[in-house]
Amino acid sequence: MDKDSPEERFERVFAHYGLIEAFARRRGSRDSAAIAAETLSIAWRKLEILDPEHCRPWLLATARNLLLAEYRDFISEPVDPGTIEIPTDEFPDFDINSIDPEIDRALVALDPIDREALLLVAWEELTPKEAAESLGVRPATFRVRLHRARRRMELALATGEPGTDITHRTGVDHP
Amino acid sequence: MKRINRLVDANPVRSGAEPPADLFQSITGTSTPRHARKRRKVRRFATRGMLATLAALVIGSGLAWATSGVDPIDRLERIWGIDRNAGVSIDGSGYGLEEFSILEPMTDGTFEDMPERLKFSLAAIGSRLAPPPEGPIPDGFRRYWIQEPRQIAGWGITTTGGGDGVPSENVAVVSMNGRICFFMDRFGASSCGSINEVARKGLSTTVSDDPPGTRWTIGLVTDQVRTLSIDYPGFGEVPIRDNVFHATDLPEDRFFFLGKDENGSVVTRIFVSKPITLAQRQFMERAPHKLEAQRERLRGRSER
């Protein structure tokens, strides 16, 4: 195998299989292995635009899109034709289940996109710059979002009243 | 900070699983990296979601028709505020006609021949939800659909063979707005993709428990695919008719359909995931509540 052959470059991308599989499992995927396999399959086809040394944000963004498709397959089954609205521009509200029930309840109190910001750093161990790239936002925007998410998370844990709207109770506004 | 550490400690998955032994070879062995293309994934997924919803609408309306005598298509048009006959024109580019022998060129006359339900499905695909108004949403506001023009290059209809207790299905293939769309008549709609996307990984839908105890895949491939087989021990070739296949005996595992050209080279790989488990079905049952929670958040955000 040549030093810079596609296969060798892809090997370095492929090494992140575990990262993607765990990411999908943490977000309630029904088939995390399939999400990881499909993500890497797409990565192989798009290898020319990928930097194997800096592909984690791209891989997780791709996996998130696949999870979104999986999630929409779920929610699209039983609908009332009279009331249907499709939240196509909403950030996906994945099913997060940690091993700490209080953390779970505090996470539920967050906006899905704030929650994702927090989890990318806390669980996926991405740097803020990588997490920003994965979410498609500027690093400065991400830092604000992360700060806000941490603050709300701490408030939710401190008050012991998870599930309530922390924003309203504390006077913190959405930007 | 301690509380954030507590979040870190609450991580439900400490490390990812190891990849299957043959995955690397499977990915790199049968396809080649391609040049970067504009990403259309999110838009396609949104379309898929809409189409799946449309399927539920058609089924729901079909039941309503049986009891009320109201034509389901007319009812759907009223609900959605769209007209299945409006905005249609002929695309003379011939997009897809060379690659899919099922497609017949579109003419004024052939549009008249098109089943009404298919016309409605095409109109629904060519529609998008209007954005909500600026500021607070007024009482009684309902989202509505904006109908986009539809340029049709060709279309065709076929019936699958079924088998193994699975009935045959009527399916339609349409070349519209530079995409190839594949419809299952009974479920209202399926999905769309470019010629290249269909050539590379087909268009397919896998259905479980309909009829109960069955699991089957229906899909579309290009003329280039001469033989199609299930790449799993003990499973073999799947017949193709008019570019469409209907596989009614599937492995209880994730697998690929492999489409080979006349030289025996694999040109199409169609991935099918594992059957869903009981726990996953329970998740599905909870999903409508998540949709409602999402609506609540949307309302709350609009009111702030």
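User: Which residue of β12(B) does S229(B) stand opposite?

Analyst: S229(B) stands opposite E237(B) in β12(B), and in β15(B) the residue opposite S229(B) is L258(B). This is a predicted model, in which local features need pLDDT of at least 70, side-chain atom pairs count only at pLDDT 80 or more, and totals for chains, interfaces and linings use all residues. Residues are numbered from 1 along each chain as its sequence is written, chains are lettered from A and ligands numbered from 1 in the order in which they are written, and side-chain values use heavy atoms, with hydrogens and water left out.

User: What makes β11(B) and β12(B) a pair of strands?

Analyst: Strands are DSSP runs of E with at least two residues, helices are runs of H or I with at least four, and both are numbered from the N terminus. Two strands pair if DSSP finds at least two bridges between them; 2 bridges join β11(B), residues 227-230, to β12(B), so the two strands count as paired. They run antiparallel, and L228(B) has V238(B) as its bridge partner in β12(B). β11(B) also pairs with β15(B), residues 255-260, in the antiparallel sense over 4 bridges.

User: Why are β12(B) and β16(B) called edge strands?

Analyst: The open sheet has 4 strands in the order β12-β11-β15-β16 of chain B, with antiparallel pairing. β12 (237-238) and β16 (266-272) of chain B are its edge strands, each pairing on one side only.

User: Which residues form the covered face of β11(B), and which the uncovered one?

Analyst: L228(B) and I230(B) belong to the covered face, whereas T227(B) and S229(B) belong to the uncovered one. In a regular strand the side chains alternate between the two faces of the sheet.

User: Why is S175(B) called buried?

Analyst: Buried means under 20% relative accessible area, exposed over 50%, and partly exposed in between, with a 1.4 Å probe and protein chains only. S175(B), which is found in strand β6 (residues 170-176) of chain B, has 1% relative accessibility and therefore counts as buried. Across chain B, buried residues make up 43% of the 304 residues.

User: What is S175(B) in contact with, leaving aside its neighbours within four places in sequence?

Analyst: Contact means heavy atoms within 4.5 Å, and the residues in contact with S175(B) include Y95(B), L103(B), Q151(B) and I180(B). A polar atom of the side chain of S175(B) lies 2.6 Å from the backbone oxygen of Y95(B).

Notes. A polar contact is a pair of N or O atoms within 3.5 Å; within protein, one must be able to donate a hydrogen and the other to accept it, and residues adjacent in sequence count only if both atoms are side-chain atoms.
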